[in-house]
Amino acid sequence: MSSDRSAVMTAGDELARAREAFARARRIVVKAGSSSLTTPLGTIDADRVDALVDVLAARRAAGGEIVFVSSGAIAAGLGPLGLARRPSDLALQQAAASVGQGLLIARYTSSFARYGLTVGQVLLTPTDMIRRAQHRNAQRTLDQLLALGIVPIVNENDTVATDEIRFGDNDRLAALVAHLTRADALLLLSDVDALYTGDPRRPGARRVEQVREPADLEGIRLGGPNQTRKVGTGGMITKIEAARIAGVPVVLTNAASAAHALAGEPVGTYFHPSRESRMSTRHLWLAHATTGQGRIILDAGAVEAVVKRRKSLLPAGVTGVQGDFAAGDPVDLCGADGRVVARGLVNYDAGEIPDLMGRSTRWLARELGPEYQREIIHRDDLVILDV
């Protein structure tokens with residue numbers, strides 16, 4: 001037997017063992033997108049919901065714990081509001097979510113009740129992931145629901161989430177929930193049965209069986225959000241991003257293959273846990289689920305202190321500020337060349353920072369008061385981006 005063939009067989013055996021371990025996962029987060037749950041007209045597809053619940057209930061009956069991250073609130077509200085497609089206006093999206101969320105959870109309640117299972121609705125906003133008190137409370141709530149035998153149905157709280165600070169899609173939310181619940185695996189259900197090297201509708205596109213590292217994605221053409229049904233926000237890019245930050249094994253496939261994926265069968269694409277996923281949930285949120293609301297420009301010494309020595313950002317190292325942001329907002333930190341090196345939650349409004357730049361915290365406390373003897377951004381609220 002050639003060494004090349006032996007290596008292939010070894011890799012295949014390793015993937016088979018990984019899938020078997022996925023099938024044995026005690027606690028698993030399952031995420032379903034809008035296109036897996038609704039009709040083309042935007043109404044809830046009862047048959048699709050029931051079929052997926054059948055699979056999740058079987059997993060529960062086998063002794064597993066399920067945390068279900070479900071999109072579909074906005075999509076479910078389109079039909080009742082007479083909208084043909086997902087609106088771009090934030091207020092209209094929130095109105096659709098308000099109408100659709102009740103319809104969605106009512107349908108899940110009815111469907112899971114066929115198996116004697118009770119569901120609990122958990123609506124999260126990004127601040128629930130990063131503020132310590134909310135983070136702990138969300139974690140306790142989910143843990144208690146699971147301990148009581150309840151199936152948590154998690155969604156972003158679209159009725160109050162702002163356009164500036166939100167998860168943006170439930171793929172990343174599901175990855176963060178996997179961290180929050182200390183799950184063993186994540187199943188991402190899409191309208192495509194796997195990751196392909198190109199458009200699967202065209203000849204020559206090949207299914208990617210597994211992804212170990214970013215290099216495995218080189219040469220793969222990734223599309224954006226589903227442009228046909230126009231009910232969701234995610235696309236293959238967001239699913240790959242979710243797999244990168246989940247911290248657990250991830251399988252990407254479609255809803256029709258959910259039972260096969262949970263059984264460890266060779267369907268979809270298997271993502272091995274990445275190194276980056278070892279970051280804390282709040283730092284993952286900062287890096288992947290926020291957009292900087294402005295920029296703070298640093299001198300070379302501050303860049304070195306923040307990036308290399310993992311220090312807090314002090315006023316002395318700031319040379320400029322751009323944008324209009326408030327204390328508590330995420331902002332990007334840039335070097336003199338404009339390259340973004342980090343992101344963090346700022347302690348001051350944008351208008352306050354120019355008077356602080358170049359000053360020591362001791363001087364600021366003496367001249368302006370003790371409340372100014374604090375960092376621009378504390379190191380616990382900073383995440384270093386790719387540099």
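Student: Which residues of α8 are buried?
Tutor: Met236, Thr238, Lys239, Ile240, Glu241, Ala242, Ala243 and Ile245 are buried. Buried means under 20% relative accessible area, exposed over 50%, and partly exposed in between, with a 1.4 Å probe and protein chains only. Helices are DSSP runs of H or I with at least four residues, strands are runs of E with at least two, and both are numbered from the N terminus.

Student: What kind of model is this, and what are the ground rules?
Tutor: The model is predicted; local features need pLDDT of at least 70, side-chain atom pairs count only at pLDDT 80 or more, and totals for chains, interfaces and linings use all residues. Residues are numbered from 1 along each chain as its sequence is written, and side-chain values use heavy atoms, leaving out hydrogens and water.

Student: Back to α8. How many of its residues are buried?
Tutor: Eight of the 10 residues in α8 (residues 236-245) are buried, so the helix is largely enclosed by the rest of the structure.

Student: What covers the buried residues of α8?
Tutor: The cover includes the strands β1 (27-32), β5 (185-190), β7 (250-254) and β8 (269-271), plus the helices α7 (170-180) and α10 (281-288). Contact means heavy atoms within 4.5 Å.

Student: What follows α8?
Tutor: Gly247, with a positive phi near 85 degrees.

Student: At what angle do α7 and α8 pack?
Tutor: About 10 degrees, with their axes 8 Å apart. Axes are lines fitted to C-alpha atoms, for helices over the stretch in contact, and angles run from 0 to 180 degrees between N-to-C directions. α7 and α8 are therefore roughly parallel to each other. The cut-offs are under 35 degrees for roughly parallel, over 145 for roughly antiparallel, 65 to 115 for roughly perpendicular, and oblique for the rest.

Student: Which residues of α7 and α8 meet?
Tutor: Asp171, Arg172, Ala175 and His179 in α7 meet Thr238, Lys239, Glu241, Ala242 and Ile245 in α8. By class, the contact of α7 with α8 has four charged, three nonpolar and two polar residues. Ala, Val, Leu, Ile, Met, Phe, Trp, Tyr, Cys and Pro count as nonpolar, Asp, Glu, Lys and Arg as charged, and the others, Gly among them, as polar.

Student: And α7 with α10, at what angle do they pack?
Tutor: About 165 degrees, with axes 10 Å apart. α7 and α10 are therefore roughly antiparallel to each other. In the contact, α7 supplies Arg172, Leu176, His179 and Leu180, and α10 supplies Thr281, Leu284, Trp285 and His288. Those residues divide into four nonpolar, three polar and one charged.

Student: New topic. In what order do the strands of the five-stranded open sheet run?
Tutor: The order is β10-β9-β11-β12-β13, with mixed pairing. Two strands pair if DSSP finds at least two bridges between them. The edge strands, each pairing on one side only, are β10 (318-322) and β13 (382-384).

Student: How many bridges join β11 to β12?
Tutor: Five, and the two strands run antiparallel.

Student: Which strands does α11 lie across?
Tutor: Helix α11 (residues 300-308) lies across β9 (295-298), β11, β12 and β13. The angle to β9 is about 110 degrees.

Student: Last one. What is the phi of Arg182?
Tutor: Positive, about 55 degrees, although Arg182 is not a glycine. Most residues other than glycine have a negative phi. Arg182 sits in the loop between α7 and β5. Its relative accessibility is 43%, so Arg182 counts as partly exposed.
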